[in-house]
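Subject: Structure handover

Hello,

Here is the structure for your files. My notes on it follow below.

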Amino acid sequence: MPDISKLPEIAEILQISIDELLGKKAPLINRIINEGDEYLKNNEINQEEVAEAAPLLKPEQVDKAFKSSALSSKVSEIENFLPFLSTEACDELFKKSCAENDLSTANKIAPFASYKVIDEEFFERIRTGKSITGLLPFVSDETLEQTAWEAYEIHGVKAAEKYFPFIRSSALSEIAEAEYKKNGLRNFAAIAPFLSSKDLNNILKKVLE
């Protein structure tokens, strides 16, 4: 998709209008081209206009359009805009959803938010005893593995098993080795389904020996 600033030039070369070039009426695109980003700051823009223009706009332009639209106070309605918003805007929306305890919306936003913000919320939820399950697929590998190890070392396999589907195989292999040395196969059923064939075979060889 060409940058919006190139559209007038392309349309002129092809001797067609911008609407013809895009194959549809694009009032918001035309206004931004004619009036610049100031139009986004000074006018309320409806949801349909933003959705239609988003693929052609820069993330900072989508941010401005988003803030100017009626969607700014309705986080649950912005799913279609997320791929086009800046990371900073997605971080703000993610924090807002978490503050409202709307984890369903937070989980939709999480793939577009930064690890830093997600990790901060993750640690805050652990600290305050809130549910972390929905956040696990989006937390950084380092944070997940650190937390899994801490849970395992303090409380054992049961406390750490919720992390097993999400941590890297190398980290899980280390926990499996530690657990085998400590307790043999007594609690191994919780770890085994998530180990690689190679790591599982290594444990089985030790058992046979």
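**Loops and backbone**

Asparagine 101 lies in the loop between helix 7 and helix 8 (103-109); helices here are DSSP runs of H or I with at least four residues, strands are runs of E with at least two, and both are numbered from the N terminus. The phi angle of asparagine 101 is near 60°, a positive value in a residue other than glycine.

Before going on, some conventions. This is a predicted model, in which local features need pLDDT of at least 70 and side-chain atom pairs count only at pLDDT 80 or more, while totals for chains, interfaces and linings use all residues. Residues are numbered from 1 along each chain as its sequence is written, and side-chain values use heavy atoms, with hydrogens and water left out.

Glutamine 15 also has a phi near 60°, positive in a residue other than glycine. Its place is the loop between helix 1 (7-14) and helix 2 (18-22). With a relative accessibility of 73%, glutamine 15 counts as exposed (exposed is over 50% relative accessible area, buried is under 20%, and partly exposed is in between, with a 1.4 Å probe and protein chains only).

The structure holds 2 aromatic pairs. One of them joins tryptophan 149 and tyrosine 152, is edge-to-face, and has 5.9 Å centre to centre and 75° between the planes. For the cut-offs, rings of Phe, Tyr and Trp (its six-membered ring) pair if their centres lie within 6.5 Å; planes under 30 degrees apart count as stacked, over 60 as edge-to-face and the rest as tilted. Both residues lie in helix 10 (residues 141-155), 3 residues apart, about one turn of the helix. Tryptophan 149 counts as partly exposed because its relative accessibility is 22%. Tyrosine 152 is buried, at a relative accessible area of 3%.

Glutamate 145 is in helix 10 and counts as buried at 12% relative accessibility. Leaving aside neighbours within four places in sequence, glutamate 145 is in contact with Ile167, Arg168 and Ala171 (contact means heavy atoms within 4.5 Å). Threonine 147 lies in helix 10 and is buried as well, at 6% relative accessibility. With neighbours within four places again set aside, threonine 147 is in contact with Phe122, Phe123, Ile126 and Tyr163.

**Helix 10 against helix 12**

How do helix 10 and helix 12 run relative to each other? Their axes come within 10 Å and cross at roughly 10°, helix 12 being residues 169-183. The two helices are therefore roughly parallel to each other.

The axes are lines fitted to C-alpha atoms, for helices over the stretch in contact, and angles run from 0 to 180 degrees between N-to-C directions. Angles under 35 degrees count as roughly parallel, over 145 as roughly antiparallel, 65 to 115 as roughly perpendicular and the rest as oblique.

Glycine 156 sits in the loop between helix 10 and helix 11 (157-160). At 19% relative accessibility, glycine 156 counts as buried. Its C-alpha atom is separated by 8.5 Å from that of glutamate 179, 23 residues away along the chain.

**The core**

The largest nonpolar core has 57 residues, of which Ile29, Leu85, Phe94, Tyr163, Phe164, Ile167 and Ile191 touch the most other members. Helix 7 (residues 87-99) gives the most to this core, with 5 residues. A nonpolar core is a set of buried Ala, Val, Leu, Ile, Met, Phe, Trp, Tyr and Cys residues joined through side-chain atoms within 4.5 Å.

Phenylalanine 164 is in the loop between helix 11 and helix 12 and is buried, at 2% relative accessibility. Not counting residues up to four places away in sequence, phenylalanine 164 touches Val157, Leu172, Ile175, Ala190, Ile191 and Phe194.

Regards
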